[in-house]
Amino acid sequence: MSDATLHAHSLDPDSFAVQIADSIESFIVATTEVAKGDEPDSAIPFLLLEVSQLLLAGGRLGAHEDIVPEERYEPDTGPDMDVDDLRERFAAMLDPVDVFSEVFDPYQPRKAPVPSRISDSLADIIMDLRHGLAHYRAGRTTEALWWWQFSYFSNWGPTASATLRALQSLVSHVRLDQPLEALDGLDTDEDMADEVLAEEAGRVMLQEIAAPLGIRTRK
């Protein structure tokens, strides 16, 4: 965040609000740069790092007492920025490892995993974070913190957690020299049971993500 922005809000740079806003803005800037595709070879490990750091900020919001907005109704921030371009860029970059399976609530018994996309998740997270950032930049600090905390519990927190698990799994498969079962046929538009998800996982070649991480594949 720029010095001008900090001065405009008259906030201590060490305050909770500034630290959270800095973490969120850093995530948005960094992942938007990744989406440009200038360094595709390092995209997966870099996203793993960025989502991990974002979830630290989310954990701080989650552990904080409930933040109550100053106004009864949320002020209008104007139209949300379009994230479709980001979504498409991430999808192209992460193909063929974009789709993964996830259980949204581990405390709901016998819930089958559902297919999700890392590209969709990243775009949705950024849209949520930008919404709160619009409040913050307008000087509505409490409103921004309230939004980030609320949406952490309701949307971007679970989404980021699932995305982190997928990214960590990709890196782990490479580091441990365990080729992925491919995702041929696995699609987010289909409703499939556990056994079908397992059967639909075909073979994604290890070198798709091994080379960027500096891991040699076994011959």
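Mentor: Buried means under 20% relative accessible area, exposed means over 50%, and partly exposed is in between (1.4 Å probe, protein chains only). Helices (H or I, at least four residues) and strands (E, at least two) are DSSP runs, numbered from the N terminus. What you have on screen is a predicted model, where local features need pLDDT of at least 70, side-chain atom pairs count only at pLDDT 80 or more, and totals for chains, interfaces and linings use all residues. Residues are numbered from 1 along each chain as its sequence is written, and side-chain values use heavy atoms, leaving out hydrogens and water.

Trainee: Okay, big picture first. In what pattern do the helices and strands follow each other along the protein chain?

Mentor: Start with the tally: the protein chain has 8 helices and 4 strands. Of its 219 residues, 39% count as buried. Reading along the sequence, you get α-α-α-α-β-β-α-α-β-α-β-α.

Trainee: Let's take α2. How far does α2 reach from its first C-alpha to its last?

Mentor: α2 covers residues 16–35, which makes 20 residues. The expected span of a helix is 1.5 Å times one less than its number of residues.

Trainee: Which residues of α2 are buried?

Mentor: An α-helix has 3.6 residues a turn, so residues three or four places apart point the same way. Keep that in mind as you click through the buried set of α2. Here it is: Ala17, Val18, Ile20, Ala21, Ile24, Glu25, Phe27, Ile28, Ala30, Thr31, Val34 and Ala35.

Trainee: Ala57 puts us in α3. Which residues of α3 are buried?

Mentor: α3 has 21 residues and reaches 30 Å from its first C-alpha to its last, close to the 30 Å expected at 1.5 Å a residue. Its buried residues are Ala43, Ile44, Leu47, Leu48, Glu50, Val51, Leu54, Leu55, Ala57, Gly58 and Leu61.

Trainee: At what angle do α3 and α6 pack?

Mentor: Axes are lines fitted to C-alpha atoms, for helices over the stretch in contact, and angles run from 0 to 180 degrees between N-to-C directions. For α3 (residues 43–63) and α6 (residues 141–175), the axes are 8 Å apart, and the angle is about 145°.

Trainee: How many charged residues does the contact of α3 with α6 have?

Mentor: Ala, Val, Leu, Ile, Met, Phe, Trp, Tyr, Cys and Pro count as nonpolar, Asp, Glu, Lys and Arg as charged, and the others, Gly among them, as polar. The contact of α3 with α6 has 17 nonpolar and 8 polar residues. As for charged ones, there are none.

Trainee: What is the relative accessible area of Val103?

Mentor: The place of Val103 is in the loop between β1 and β2. Its C-alpha is 8.3 Å from that of Ala162, 59 residues away in sequence. Val103 is partly exposed, at 31%.

Trainee: Pro115 next: buried or exposed?

Mentor: Pro115 lies in strand β2. Its C-alpha is 6.5 Å from that of Val99, 16 residues away in sequence. With a relative accessible area of 11%, Pro115 is buried.

Trainee: Last one: how many of the 20 residues of α5 are buried?

Mentor: At 1.5 Å a residue, α5 should span 28 Å, which agrees with its end C-alpha atoms being 28 Å apart. Just after α5, Gly139 takes a positive phi of about 90°. α5 is largely enclosed by the rest of the structure, because its buried residues number 15 of the 20.
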